[in-house]
Amino acid sequence: MSVPRAAPPQLARFAVSPARRRRDRLARGVILAATVLALIPLVLIVYYLLRKGLGSWSGSFFSTNPTGNTFFKNSSIGGIKSAILGTVEIVALASAISIPVGIGVAVWLVEYGRDSRLASTVRFFVDVLTGVPSIVFGLFIYIVLIVGTGSTYAGYKGALALSLLMLPVVIRSAEVILLLVPAALRESALALGAPRWRVIFRIVLPTALPGMVTGVLLAIARAAGETAPLLFTAGATLKTNFNLGQFTNSLPVQIYSDVTSPTTAVVNRAWGSALTLVTMILLLNMIARLVARRSRLA
Amino acid sequence: MDSASMPAGDRSVLERSPIARLPDRALRYGLTALAILILALILYFFIRLVGEARPAFARAGVFGFVFNNDWNVGAERFGALPLVVGTLITSGLALLIGVPVAVATAIYATELCPLRLRAPLTVLVELLAAVPSVVYGLWGIFFLAPKLQPAEQWVADRLSFLPFIGGGTVTIPNYFITGLVLAIMILPIVSAISREVMSTVPADQKEAALGLGATRWEMIRMAVLPYCRAGIVGGAMLGLGRAIGETIAVTILIGNAPELGSHLFGQGYSLAAVIANEFGEAQGLHRSALFAAGLVLFVLTLIVNGIARALVLRASRAGGARRGGDDQVGGVGPRVAGTAAGA
């Protein structure tokens, strides 16, 4: 056992043997290398999105609809206006459905259901929903609203598929936050004679609001990037459409159909659309993080 | 007592009038009905999915549907083995590549990195979860796959003596590249759960290991990892569930060839990809077969996620109990579940 130079003589017999120190250094090196490796894809994706995507951004890129002309040279392929607006419409409707329902179920779980058998069953099924692949939600909606009614694709059907996808995320995150509302707050309000519903609407929900906003924003961000549930519920179309009863375009579906094109200009449009979509989602994520930092709970 | 219960009609003044109690009841029963409605809806969806898939199962039996190696749309023969195998190979690869990297990232963030770097590092890894599936597909097919093809071909040539890995020409879309991109996609969730579980390791155990003269790595290996094993395995299984159900990136990257790929760098198909790719123009029995593929996918993820949740929950419970049953015992379970749902 060689004595490390730096160690004072009286500590020498406690020093770590070189073999162990080498192994320690090696293991730390491997762990650091793996961490760096994990960040490489992020850097590459961001770099390529910016390089390829910014090139196709222009005024008309955002203000024109895709034309559908993808095979003829010298014809404009158009922009992605209908896709951006379609995504905003579909996600807005999906949020309008899943947020009240999700928070309602979470309030029920925390305030009324608690540890009852029904509540554990609901929790179990919400967990099941969390794991369901997104394309299966598309199948569900297809069966019920398209096979079941004998009709065709429509924006609101896509929104319903997305709201199914968002529901478990909203319920779970809201439940965790509602559980953090101090029981003393509820008890003092009840002791002052407030009825239960007032306690929920005036005390519990306002206290939990900032925390719940975070979960909701993350759910919206996740839904906005989903392609699979929209493919055969909302359909794909070229024109901008403010009627969710008809085929509605969306950014992910537009990117998906552009990826498979053999024309370079169309693939470049896919990069531009991808940069647009990622920017929208990252903004939502950042707002969610800021709100979470300000929240007193969690 | 007497003054408090001064009769106002025949009820105590402390009691609310029936009308004042109305909103309370409405809220309670309304919310309960909502919760039951959600349950009913999920069950209804499931039953309808089984119903729609039935014609395909009736043709060859459930066993035949899953294990026949013959997906021929033109001849109306639907044996999903190539799809099932494609799903399992790509998600297995994703685990093989993604989990070690994710766990290493979690170890680095919780045990080794300077405190100042911890939060930014966590945010960066979680940003990977914010990138939509279709963007991974786009990046994978136009950047990663062409760049890696020569390297893949080199490996395939060197390892030509190994069945399934070597030989063959490397196509741009293939099993390996799909697994690699899936590995990147599951990294954030596996890493988040591993980190969550590692933070439950009691400080006194780590300090005891260091105090006995262990190096950092020995402390991690002997005090941290054994303590977290179940949780990490659970996190990996949740990642597996994600990888199995991943659709659009796989559809873009796997090549959509309805046959068993002859080797790792060949094209294949997966359960989710077949639905995304063929559903638009499917009719009759074909459509029913795609519903059946969806059902198989659903059941597969259900099993994997069930095991994962049990493991993560057990790990975080054990963590709480061993810490001496302080007030966080109840808190850890839901928090882990919440991370899983939100990540």
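Predicted model: local features only at pLDDT ≥ 70, side-chain atom pairs only at ≥ 80, totals over all residues.
**Chains A and B: fold and interface**

View 1. Read along the sequence, chain A runs α-α-α-α-α-α-α-α-α-α-α. That comes to 11 helices and 0 strands. The C-alpha trace spans about 85 × 70 × 35 Å along its principal axes. Chain A has a radius of gyration of 26 Å, whereas a compact globule of 298 residues would have one near 19 Å.

**View 2. Packing within chain A.** Of the 298 residues in chain A, 54% are buried. Take the contacts in chain A between residues at least 6 apart in sequence: 71% of them join residues at least 24 apart.

**View 3. The interface of chain B and chain A.** Here 79 residues of chain B are in contact with 78 residues of chain A. The area buried between the two chains is about 7,100 Å². Carbon and sulfur atoms give 80% of that area. On the chain B side, Phe45(B), Leu138(B) and Trp139(B) lose the most area to chain A. Together these three account for 8% of what that side buries.

**View 4. The side of chain B that touches chain A.** Helix 1 of chain B, residues 18–67, gives the most to this side, with 20 residues. The residues of this side divide into 53 nonpolar, 15 polar and 11 charged.

Note on methods:
Residues numbered from 1 in each chain as written. Chains lettered and ligands numbered in written order. Heavy atoms only, no water. Contact = heavy atoms within 4.5 Å. Buried area = accessible area lost by both parts, 1.4 Å probe. Helix = DSSP H or I, 4+ residues; strand = E, 2+ residues; numbered from the N terminus. Nonpolar A, V, L, I, M, F, W, Y, C, P; charged D, E, K, R; others polar. Rg over C-alpha atoms; globule rule 2.2 N^0.38 Å. Buried < 20%, exposed > 50% of the residue type's maximum accessible area, 1.4 Å probe, protein only.
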